[in-house]
Amino acid sequence: MKKSFYMFLSAASLLSAGPLSVSLLPYGAFLNYGGDTAKEDGYVGGLYASIFYSPNKLELSAEQTHITYNDGSPALNQTD
């Protein structure tokens, strides 16, 4: 799985022709609050994009965060 992920990142950053350059970066992580009395675990994942057309640059990002709690509180679901 890691090998195909790195190959995707390499291919995504090669989308450039002349003055136009496009980079895409998916990312993610699992969260573990070992020993914390309030939070249990969760995850975060998203996509970052950069579009450069000289002399202008546009950066975009979308992210999803989910955190579960030990005390019965509702889980946090946040999208940015």
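Helices (H or I, at least four residues) and strands (E, at least two) are DSSP runs, numbered from the N terminus. The structure is a predicted model, in which local features need pLDDT of at least 70 and side-chain atom pairs count only at pLDDT 80 or more, while totals for chains, interfaces and linings use all residues. Residues are numbered from 1 along each chain as its sequence is written, and side-chain values use heavy atoms, with hydrogens and water left out.

**Exercise 1. Work out which elements make up the protein chain, and in what order they run.**

Step 1: Reading from the N terminus, the order is α-β-β-β-β-β.

**Exercise 2. Find how strand 3 pairs with strand 2 and with strand 4.**

Step 1: Two strands pair if DSSP finds at least two bridges between them.
Step 2: Strand 2, residues 20-32, and strand 3, residues 39-53, are antiparallel partners over 13 bridges, and in strand 3 it is Phe52 that stands opposite Ser21.
Step 3: The hairpin of strand 2 and strand 3 has six residues between the strands, and there Gly35 takes a positive phi near 85°.
Step 4: Strand 3 also pairs with strand 4, again in the antiparallel sense, over 14 bridges, with Ile51 opposite Leu58 in strand 4.
Step 5: The hairpin that strand 3 and strand 4 form has two residues between them.

**Exercise 3. Locate Thr65 and decide whether Thr65 is buried or exposed.**

Step 1: Thr65 lies in strand 4, which covers residues 56-69.
Step 2: Buried means under 20% relative accessible area, exposed over 50%, and partly exposed in between, with a 1.4 Å probe and protein chains only.
Step 3: Thr65 has a relative accessible area of 13%, and is therefore buried.
Step 4: Leaving aside residues up to four places away in sequence, Thr65 touches Tyr43, Val44, Leu76, Asn77 and Gln78, where contact means heavy atoms within 4.5 Å.
Step 5: For the whole protein chain, 12% of the 80 residues count as buried.
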